[in-house]
Amino acid sequence: MVVKLKAFSKFENTAEALSAATLIVDSKPSKGLRKFLREQCEGEILAVADSKLGNAIKEKLKIECVHNNAVLELMRGLRTQLSELITGLGVQDLAPMSLGLSHSLSRFKLKFSPDKVDTMIIQAIGLLDDLDKELNTYAMRVREWYGWHFPELSKIVQDNIQYAKVVKLMGSRTNAADLDFSEILPEEVESELKEAAVISMGTEVSDHDMLNIKALCTQVISLSEYRAQLFDYLRSRMNAIAPNLTVLVGELVGARLIAHAGSLLNLAKQPASTVQILGAEKALFRALKTKHETPKYGLIFHASLIGQAAPKLKGKISRSLAAKSALSIRIDALGESQDASVGIESRAKIEARLRQLEGRVLGRLGGSAKGKPKIESYDKDRKKDAHGLLTTARAYNPMADSTIGQGKTPEKKIKPAAADASLEQHAEEQKPSKKRKHEDTEQAEAAHTEVIAGEPEKKKKKKEKKKEKKEEIQEDKGQEEEEAIGESEKKKKKKKRQERTEDEGQGEETNPAFQKQETVGESDKKKKKKKREEREQAEEEELSHVSQKQEEMSESGKKKKKKKGDHKGDEAQEEDTAMLTEETPKKKKKKKKDKSKTST
């Protein structure tokens, strides 16, 4: 692609070039550019590097414009080959010409509004904060250093600047009685200082050390004076650059907002919600991360209007103050007037809003919703603005105290002669009350029984099932106990048999006479064994018969419990067990007698 120069127009002077450059920066064509395009570009397509400038040319001159990546690449090539396209223009001449035009353009921007330079405010507020920190550290160093010589002075003089001035004037504490501190301190503090200097417990300090302490005091005093001067400068700058914002939030808060945003124009681009929390970014992102409440105020919290509000109302006042501040910032940054009328009106509205909110709170505490307590009228005939009653005051009605017709008899004074009669009447009056109480209790019981009778049948069935289960468990336990008793008795009988046999064997071995009569007594032994076996069989039959009776009694007890719900079966079982316990000792006695007979 070959590019050739079709037409070229030269600026006559730097002023014309500057005005054309400023318009092109704002995407506006100058008069010379419009004239040149009308002459050279009729019915053709124009390539433009700035799309906004192309739209303006299309609207005013009706020339079609193109803006794309190919056009931008073409413009880059034209800039590099500009010295070759234009005859008589060298590279050495192009560089100083472009540099001079850029300097003049930047100067023109600064001269456009010299009072609107907010960089001075940003630097001044930064220096003011640094001075406050330095002053605090220097003043603490003076107190610590001089405290070795006069420690009581730090409690007497609280202000740091006054402390430095007193130390510079006094030097050693021995000079306090001869000096006059009336220009620095009030009379009461001065007298207290002189008394403390006499009885001070501090150490002695050499003259060389005192000179260094005084030099530090002069440094603190000079820094405080420069800080006051810097604050006056900042106040004047804020009143010139942002008068409306200064009226609303003050010089320091306004300057900190501008410094935090970077410039007044950047601050004007922010919405009211951002102005409200400007300076609390850490708290905001922490709240968003942890899903807690977001902060209600940032740097704007230090404004005097928010300080006047109650703790519960600070959030509402900060919201309204941020809204008004955003409007005033835009007027200060983009408006032409340097009047603070908008800020004054906005401050008056916020103060009225604050009074309204405080009155509403007081009204709620007083008992009304709108802030004014409601007073009920004493009489219908009384008017709102009247100071007294139009009608006569009402007289006291003694008949209103009587209780006749309200269900109670009036009480009368009782004479001492008729005291007994009155007591009898009182007793007679109390009798029907007791009857009534009795009737009330009967009615309550009847109602209770009706409620119980009206319970669902499911509950009754559940209760009956539970009772049957309990009875079965008890019967099983009784049978197990009886079986255990029978087994224990059988074991006892076996032990007794073994003991008998052992005794008989021992008797045969020890008694020689018995050995001689073995042949004679064999027939007797056989008879005795038969008798024992017969007795044991009879006893076993009796035990089986008793166990059968117990089972029959338990079954009859179950039937009786189901029908009548009585506990007679349990009593019968207890009696049977008692009979068994009575029978067992008798049997034991019989067995003992049999043993004694056999031994003999």
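**Exercise 1. Place Leu-278 in the fold.**

Task: Find which loop holds Leu-278, and state whether Leu-278 is buried or exposed.

Solution: 
- Leu-278 sits in the loop between helix H15 (272-276) and helix H16 (281-290). Helices (H or I, at least four residues) and strands (E, at least two) are DSSP runs, numbered from the N terminus.
- This is a predicted model: local features need pLDDT of at least 70, side-chain atom pairs count only at pLDDT 80 or more, and totals for chains, interfaces and linings use all residues. Residues are numbered from 1 along each chain as its sequence is written, and side-chain values use heavy atoms, with hydrogens and water left out.
- The relative accessible area of Leu-278 is 8%, so Leu-278 is buried. Buried means under 20% relative accessible area, exposed over 50%, partly exposed in between (1.4 Å probe, protein chains only).
- Next, list the contacts (heavy atoms within 4.5 Å). Leaving aside neighbours within four places in sequence, Leu-278 contacts Leu-257, His-260, Leu-267, Gly-298 and Leu-299.
- Take Gly-298 from that list. The C-alpha atoms of Leu-278 and Gly-298 are separated by 5.2 Å, while the two residues are 20 apart along the chain.

**Exercise 2. Describe how H11 meets H13.**

Task: Work out at what angle the axes of helix H11 and helix H13 cross, and which residues meet.

Solution: 
- Two packed helices are described by the angle between their axes and the distance between the axes.
- H11 covers residues 207-241 and H13 covers residues 251-261. Their axes come within 10 Å and cross at roughly 70 degrees. Axes are lines fitted to C-alpha atoms, for helices over the stretch in contact; angles run from 0 to 180 degrees between N-to-C directions.
- H11 is therefore roughly perpendicular to H13. The cut-offs: under 35 degrees is roughly parallel, over 145 roughly antiparallel, 65 to 115 roughly perpendicular, and the rest oblique.
- From H11 come Phe-231, Leu-234, Arg-235 and Met-238. They meet Glu-251, Leu-252, Gly-254, Ala-255 and Ile-258 of H13.
- Sort by class: six nonpolar, one polar and two charged residues. Ala, Val, Leu, Ile, Met, Phe, Trp, Tyr, Cys and Pro count as nonpolar, Asp, Glu, Lys and Arg as charged, and the others, Gly among them, as polar.

**Exercise 3. Find the centre of the nonpolar core.**

Task: Name the residues that touch the most other members of the largest nonpolar core, and the helix that gives the most to this core.

Solution: 
- A nonpolar core is a set of buried Ala, Val, Leu, Ile, Met, Phe, Trp, Tyr and Cys residues joined through side-chain atoms within 4.5 Å.
- The largest one has 62 residues. Tyr-146, Leu-153, Met-170, Leu-193 and Leu-321 touch the most other members.
- H11 gives the most to this core, with 12 residues.
- Look at Leu-193. Not counting residues up to four places away in sequence, Leu-193 touches Phe-150, Leu-153, Ile-156, Val-157, Val-166, Met-170, Ala-176, Phe-181 and Leu-185.
- Another core lies apart, of eight residues, including Cys-41, Val-48, Leu-61 and Ile-63.

**Exercise 4. Read helix H18.**

Task: Find how far H18 reaches, and which of its residues are buried.

Solution: 
- H18 (residues 314-334) has 21 residues. From first C-alpha to last it reaches 30 Å, close to the 30 Å expected at 1.5 Å a residue. The expected span is 1.5 Å times one less than the number of residues.
- The buried residues are Lys-314, Gly-315, Ile-317, Ser-318, Leu-321, Ala-322, Ser-325, Ala-326, Ser-328, Ile-329 and Asp-332.
- Take Ser-325. It counts as buried because its relative accessibility is 0%. Ser-325 touches Leu-245, Leu-248, Val-249 and Ile-300, not counting residues up to four places away in sequence.
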